[in-house]
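Subject: Structure for you to look at, with notes

Dear colleague,

I am handing over the structure below, together with my notes on it. Please read the notes with the model open beside them.

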Amino acid sequence: MGKKWGISPQVALWMQRAIMLPKTLYVSVVCWPMVSRAEAKNLLQSLQGSYLRAAVESVKNTPIEAMEVALCLTPLALAVI
């Protein structure tokens with residue numbers, strides 16, 4: 001993403017809230033017992049982290065938990081449960 005090309009940070013955050021989160025919660029009806037596994041929690045955190053990094057325009061080593069708190073988002077693993 002750049003200042004003159006690609007999606008803006010607001011659009012990336014909107015995509016996370018309006019597209020990725022509902023799709024993930026819809027799928028979670030089928031596979032919610034799998035979320036208790038550490039691998040699934042890590043995959044969900046990685047998925048949400050990629051959207052948040054695009055929205056905040058942060059570097060790769062920014063903690064995902066800090067971005068979730070700053071943007072008032074619940075972790076995907078908790079939202080699925």
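The notes below go from the whole chain to single residues.

This is a predicted model, in which local features need pLDDT of at least 70 and side-chain atom pairs count only at pLDDT 80 or more, while totals for chains, interfaces and linings use all residues. Residues are numbered from 1 along each chain as its sequence is written, and side-chain values use heavy atoms, with hydrogens and water left out.

As for confidence, the protein chain has an average pLDDT (the predictor's confidence in each residue, from 0 to 100) of 79, and 95% of the residues score at least 70. Within the chain, helix α3 (residues 64–70) has the highest confidence, at a mean of 85, and α4 the lowest, at 79.

The protein chain holds four helices and zero strands, where helices (H or I, at least four residues) and strands (E, at least two) are DSSP runs numbered from the N terminus, and along the sequence the pattern reads α-α-α-α. Taken along the principal axes, the C-alpha atoms fill a box of roughly 45 × 25 × 20 Å. Of the 81 residues, 25% count as buried, with buried meaning under 20% relative accessible area, exposed over 50%, and partly exposed in between (1.4 Å probe, protein chains only). Among contacts (heavy atoms within 4.5 Å) with a separation of 6 or more, 59% are accounted for by residues 24 or more positions apart.

Helix α1 (residues 9–31) packs with helix α2 (residues 38–56) at an angle of about 155°, and their axes are 7 Å apart; here axes are lines fitted to C-alpha atoms, for helices over the stretch in contact, and angles run from 0 to 180 degrees between N-to-C directions. The two helices are therefore roughly antiparallel, a label given to angles over 145 degrees, with under 35 counting as roughly parallel, 65 to 115 as roughly perpendicular and the rest as oblique. On the α1 side the contact is made by Pro9, Ala12, Leu13, Met15, Gln16, Met20 and Thr24, and on the α2 side by Leu44, Leu47, Gln48, Tyr51, Leu52, Ala54 and Ala55. By class, this contact has 11 nonpolar, three polar and no charged residues, where Ala, Val, Leu, Ile, Met, Phe, Trp, Tyr, Cys and Pro count as nonpolar, Asp, Glu, Lys and Arg as charged, and the others, Gly among them, as polar.

Threonine 24, in helix α1, is buried, with a relative accessible area of 14%. A polar atom of the side chain of threonine 24 lies 2.7 Å from the backbone oxygen of methionine 20. Neighbours within four places in sequence aside, threonine 24 is in contact with Leu44, Leu47, Leu76 and Val80.

Alanine 79 is found in helix α4 (residues 76–80) and, at 29% relative accessibility, counts as partly exposed. Not counting residues up to four places away in sequence, alanine 79 touches Leu25 and Thr74.

Two loop residues complete the notes. Serine 58, in the loop between α2 and α3, counts as partly exposed at 22% relative accessibility and, leaving aside neighbours within four places in sequence, is in contact with Arg53 and Met67. Cysteine 72, in the loop between α3 and α4, counts as exposed at 71% relative accessibility, and has a positive phi of about 60° although it is not a glycine.

With best regards

Note on methods. Polar contact = N/O pair within 3.5 Å; in protein donor to acceptor, adjacent residues only side chain to side chain.
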